[in-house]
Amino acid sequence: MNISQAVKMAAKSISSNKGRSFLTMLGIIIGLAAVIILVTYAEGQNLAMKAYYESMGTNTITVSAYSWGMGSSNVGQQLYDYCLGMEDVAGVAPNGYGGSRMTISYEAKTLSRQRNYGGMVSVSGGAYYGGGSDDHYPQIRLSNDKFGMCNDYKIAKGREFSYLEIQNLAQVCILGADTAEYLFSFADPIDKVITVNGLPFRVIGVYQSKGAGLNLGTAEESQWIEEDIKRQDRLLLLPSSMTRYFNNNQAIEDYTVKVKSADAVTKVVTELNGFLSNIINTNYGGFYVDNPQQWQENQNEANELQQRFLGGIAAISLLVGGIGIMNIMLVTVTERTREIGIRKAIGAERRSIIVQFLIEAAMICGIGGILGIAVGYIGTMIVSKLSFGLVMIPGSAITAGAFIISVALGIIFGMYPAIKASALQPVEALRAD
Amino acid sequence: MLIDIKDLFKIYNEGKESEVRALDGIDLQIDRGEFVSIIGQSGSGKSTLMNILGCLDIPTYGDYHLDGTDVTELSDRQLAHIRNKQIGFIFQGYNLIPALSARENVELPLIYQGIGIDERHERSEAALERVAMFDRSSHKPSEMSGGQQQRVAIARAIATHPSIIMADEPTGALDSKTGRHVLEILHGLHEDGTTIILITHDNGIAATAERIVRLSDGKIVSDGTREEVGL
């Protein structure tokens, strides 16, 4: 018996047992589709996370330093001056925060926040406070001409502060994308004057949305990323010297340091730690140098773990599909023992029986594999559209790999029952019902 | 001598309390072109004998020469070739493959011989024609009566032009008229020179053969013409 006849015979056997053949295929279809969808989903998630980290800014270090008591000088200013002298540092921006009770107005629109008991906050201009997206109250930051560079905000309209504006307490401000849109709708905010606690400030610039160019969609994780982007777009930036008016002239304790290259981040962190431990007596102050690169690395590791975990689940489902095939093939052999007896009685060699069963198993897996790829592609497109807002196509390597695995599983798991069936004595097989 | 059996035993559970001697020292010689009935009660060992004669089973002890070849020495593969080329089986339960049509069932042993599609079609047509089943070529076993299925089984047995036809109770599941028809086909094949070995428990059917071998408790108790064995 040649191979083409064996293939025809296997096709005949599969088509004459459509229900059973389909159930067997179902295991492979689900297993394969799961592998394709899960692996592509994990890849998409990594892409989204990477884009997010890049939007947060790379090569930045946040530093906090404070001191009090007798003889304490302004450590923030010393830190600032020290950083300016470091060769690997591209820029330093203070990160001052405005007071908790500010009222921001432009014509009829007002953004304000008042503390209620229980810590609840009410917002006029938004419905109520709940951490939701209706809360347009911005974070009020006090910084300098390097704020955009250090925090990866890009100017959409107008310009950054100038050095002189900082020094001279110029009453100018820059708005985040959300705040500008809320206060001015479609009008051009540049050179308009808003009031902050009654003081007039001229708008000189508007930042781009932090989400510009990011594709995040609606997955659970990308939802908090989106929330975070909105939070970052709710911004009112005032010159750092305004701490005099808004923060009881408290020293700014937080700084964002932009390092020139990723390689230098660790070195700068070490140097900053050394410098701060020299100037700050920890009995009368403290400091903290945060290395976000480390955090990102941890996140990457966690993502990789998650990808491996998803891959593992997918592999298990494929394995279960394979065991399903073996199970069905065993049942098939038992069910068709008499047929095997007949075939042997009329002259089938052991090899012919093995080849027939193997081809049958491989064909079931092959057809199941093709259907599984189809389901996997459609599933991936739907899942990626729903989760990331873009249609992803599974990679050809993962598709080919999964297909080969499914057919190989059919052959491996089909082997045992085929060998078992072929070893039967014809007379024993003929006795079976 | 086509079939030469000497001192043949088939013992199940040998040495145990439940030992069964299905064949207990059989000597049997059959010449080419003979029509032999093997007759006996249920459990007399006649089916076991046919299974061994047909190379479907192996004896526990004894010699079996088929056409001069010592069958007990052959490999699995060689036995498959003998079953394929030398022997045609007709079973009581027809033993057709349910998923295949009449023609496909008849062609199956030819496929195992590696015969090309044209010759296969020719031979299966001739075989189905011979048993008057050609018009049912495309029917599946479930679409045929018992007698029709048995005729297809006969067509399958003769398609390979075997030198021996072994029929195990071929009429057992058929009504008497259909049974007679099947017997007529067997006699026709015998007239063409095929050796026929017919296993039956029915004296009337056995009596149509020129030589009758009677088995009882795994032993041959008589062997001769109808008159000699008293049928």
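Student: What percentage of the 231 residues in chain B is buried?
Tutor: This is a predicted model, in which local features need pLDDT of at least 70, side-chain atom pairs count only at pLDDT 80 or more, and totals for chains, interfaces and linings use all residues. Residues are numbered from 1 along each chain as its sequence is written, chains are lettered from A and ligands numbered from 1 in the order written, and side-chain values use heavy atoms, without hydrogens and water. With buried meaning under 20% relative accessible area (1.4 Å probe, protein chains only), the buried part of chain B is 55%.

Student: Is B:Asp57 buried or exposed?
Tutor: B:Asp57 sits in the loop between helix H1 (46–53) and strand E4 (61–66) of chain B; helices (H or I, at least four residues) and strands (E, at least two) are DSSP runs numbered from the N terminus. Its relative accessible area is 10%, so B:Asp57 is buried.

Student: Which side chain makes a polar contact with the side chain of B:Asp57?
Tutor: Leaving out residues up to four places away in sequence, B:Asp57 touches (heavy atoms within 4.5 Å) A:Gln425, A:Val427, B:Lys10, B:Tyr12, B:Asn51 and B:Ile52. The polar contact (N or O atoms within 3.5 Å, one able to donate a hydrogen and the other to accept it) is 3.4 Å, and the partner is B:Lys10.

Student: How many residues does the largest nonpolar core have?
Tutor: Such a core joins buried Ala, Val, Leu, Ile, Met, Phe, Trp, Tyr and Cys residues through side-chain atoms within 4.5 Å. Among those with the most contacts inside the largest one are B:Ile3, B:Leu53 and B:Tyr64. Its number of residues is 56.

Methods. Buried < 20%, exposed > 50% of the residue type's maximum accessible area, 1.4 Å probe, protein only.
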